[in-house]
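Please keep the sequence and the structure in view while reading.

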Amino acid sequence: MSSDRPTWDDEVEAYLEALGRGDRAAALARVDGLEHAGQDVLAIIRGLLAPAQLRVGELWLSDEWSVAQEHAATAVSESVIASLALARAKEVPAIPGTASAPSVVVSCVEHEWHALPALMVAEHLRADGFSVSYLGANASSSALVRHVHETGPAAVLLSCSLSAFLPVVRRQVEAVRETGTPVVVGGSAFDPEGRRARVLGATGFAATAEDVADVLRTLPAGVPPAAPLQHPGAEEGYVVFGTREDLADEVERLVAEDLGLGREAEADREPEWRVVLHDQLPHVVGSLAGALVADDPQVVRQALTWAARVLEHRGAPDRAGLALRAALGVALRDLPTASAVLELVAPLTR
Ligand code: B12
């Protein structure tokens, strides 16, 4: 962006302001302005939409934006990407997707609803000349494998935002590798160095959408089935994943007990932090499953730190974060590796 124009930071602020007011027309006008200033779809995704979405997450976390504002903002960003992509497809129909372009499948893993990051990846690859089959959110293993058999892609790209779904990533890596097809993974559930991706048996990993095309160019033509997971805790991870809703109920009861609160607060008097705790607990418990299957205690440490911040911003008692960690320890006491992973997690300050 030239020096006489606003910086990307200014653009993000103005775009967010429009999203926060629910002003879709103003948000689209900002994007139109950038296009007229010569920015292409990839620059707009990288410079405006991706950073704006991360800020949307922060605004929700700090309780400045409601869930509805977060949803409305994402819907606008999705329609912005779709309209930019459509316009570009009309302008350059013959270059990407030609018979010689390598074909790839981009999809979210099963249960994963964060489709916008996967859409960003798909658009980057289309711009780089790949022929992309984009499956969106929540693709089951069977649907994915059938699609692979029908279309014979050079690679399958799996997006996962929530660490609770790392066990699902592993299952889907196994299923796709059974077809001999390389699998590239990415999304905010992974560490930037790609260690979790390697443990889960992925053929490749990229930390951002900009790096994906380079990774694809280095992939082998075919891969053997994934080697079984050997590390202690992998099996326990699937036990935790399968029972995460029940475990979440138990943890919620233990937290309330520890903080000296009644189990069922009156629906109309329930404090916000307890509503949010109830909503987020399956994800927090699931992160322990992710930590065990991906063999990385950092996963659960990050989830507990995140949960403590979410609770703090919603007026929870100071000890809520510690009570949550302690409750997990009690609920999972019969699982030795899960207990050891929780022991490793540094004590939280709140
Ligand atoms: C929008 C949004 C939603 C929308 C998603 C709609 C949609 N169509 O995508 C909805 C409302 C559905 C949603 C739901 C939930 N969400 Co949400 N969501 C977000 C938000 C605000 C933006 C996501 C986004 O667009 N990110 C922007 C992109 C640019 O970043 P990115 O994901 O890292 O992707 C980049 C790279 O990782 C990479 N990449 C991504 N995928 C792939 C794939 C491959 C193969 C490769 C190579 C690379 C790659 O490329 C991208 C571009 O560079 C995030 C905030 C955040 N920090 O991301 C929260 C966030 C991810 N959600 C969160 C949570 C907790 C949830 C819920 C559990 C809430 C609830 N209790 O209901 C549910 C879970 C739903 C589910 N089962 O999936 C938390 C996760 C916390 C954590 N630490 O684990 C976050 C961080 C919010 C927060 N600040 O606390 N969410």
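Two residues are in contact if their C-beta atoms, placed from the backbone, lie within 7 Å. The model to which this criterion is applied here is a predicted one. Phe-190 is placed in the loop between E4 and H8. Is Phe-190 buried or exposed? Phe-190 is buried, because 26 other C-beta atoms lie within 10 Å, and the threshold for this class is 20 or more. The C-alpha atoms of Phe-190 and Leu-162 are 8.8 Å apart in space, while the two residues are 28 apart in sequence.

The overall form comes next. The protein has 15 helices and 5 strands. Its C-alpha trace spans about 65 × 50 × 35 Å along the principal axes. A compact globule of 350 residues would have a radius of gyration near 20 Å, and the protein, with 22 Å, therefore agrees with that expectation. Of the 350 residues, 41% count as buried. Among contacts between residues at least 6 apart in sequence, 74% join residues at least 24 apart.

The shell holds 42 residues, of which Gly-57, Trp-113, Leu-116, Pro-117 and Gly-186 come nearest to the ligand. Which elements each supply at least two residues of the shell? They are H3, H4, H5, strand E3 (155-159), strand E4 (183-186), helix H12 (272-293) and helix H13 (298-312). H3 provides the largest share, with 8 residues. By class, the shell divides into 22 nonpolar, 15 polar and 5 charged residues.

Two packed helices are described by the angle between their axes and the distance between the axes. The axes of H12 and helix H15 (residues 336-344) come within 10 Å and cross at roughly 100 degrees. H12 is therefore roughly perpendicular to H15, because angles of 65 to 115 degrees fall into that class. On the H12 side the contact involves Leu-288, Ala-291 and Leu-292, which meet Thr-337, Ala-338 and Val-341 of H15. The contact of H12 with H15 comprises 5 nonpolar residues, 1 polar residue and no charged residues.

Most residues other than glycine have a negative phi. Asp-63, which is not a glycine, has a positive phi near 65 degrees. Asp-63 is located in the loop between helix H3 (41-61) and helix H4 (67-91). Asp-63 counts as partly exposed because it has 15 C-beta neighbours inside 10 Å. His-111 likewise is not a glycine and has a positive phi, of about 80 degrees. The loop that holds His-111 runs between strand E1 (103-108) and helix H5 (115-127). With 15 other C-beta atoms within 10 Å, His-111 is partly exposed.

Separation along the chain and separation in space can be set side by side for three further residues. Arg-198 belongs to helix H8 (residues 195-199). Arg-198 is partly exposed, as 15 C-beta neighbours lie inside 10 Å. Between Arg-198 and Ala-294, the sequence separation is 96 residues and the C-alpha to C-alpha distance is 8.8 Å. Arg-24 lies in helix H2 (residues 24-36) and, with 16 C-beta neighbours inside 10 Å, counts as partly exposed. Arg-24 and Met-120 are also 96 residues apart along the chain, and their C-alpha atoms are separated by 20 Å.

Where Phe-190 is buried, Thr-151 is exposed, with 12 other C-beta atoms within 10 Å; a count of 12 or fewer defines the exposed class. Not counting residues up to four places away in sequence, Thr-151 touches Ser-103, Val-105 and Ser-133. Thr-151 and Val-345 are 194 residues apart in sequence, and the distance between their C-alpha atoms is 44 Å.

Technical notes
Residues are numbered from 1 along each chain as its sequence is written. This is a predicted model: local features need pLDDT of at least 70, side-chain atom pairs count only at pLDDT 80 or more; totals for chains, interfaces and linings use all residues. Helices (H or I, at least four residues) and strands (E, at least two) are DSSP runs, numbered from the N terminus. A residue is near a molecule or strand if its C-beta atom, placed from the backbone, lies within 6 Å of it. Ala, Val, Leu, Ile, Met, Phe, Trp, Tyr, Cys and Pro count as nonpolar, Asp, Glu, Lys and Arg as charged, and the others, Gly among them, as polar. Axes are lines fitted to C-alpha atoms, for helices over the stretch in contact, and angles run from 0 to 180 degrees between N-to-C directions. Angles under 35 degrees count as roughly parallel, over 145 as roughly antiparallel, 65 to 115 as roughly perpendicular and the rest as oblique. The radius of gyration is taken over C-alpha atoms; the globule rule is 2.2 Å times the number of residues to the power 0.38.
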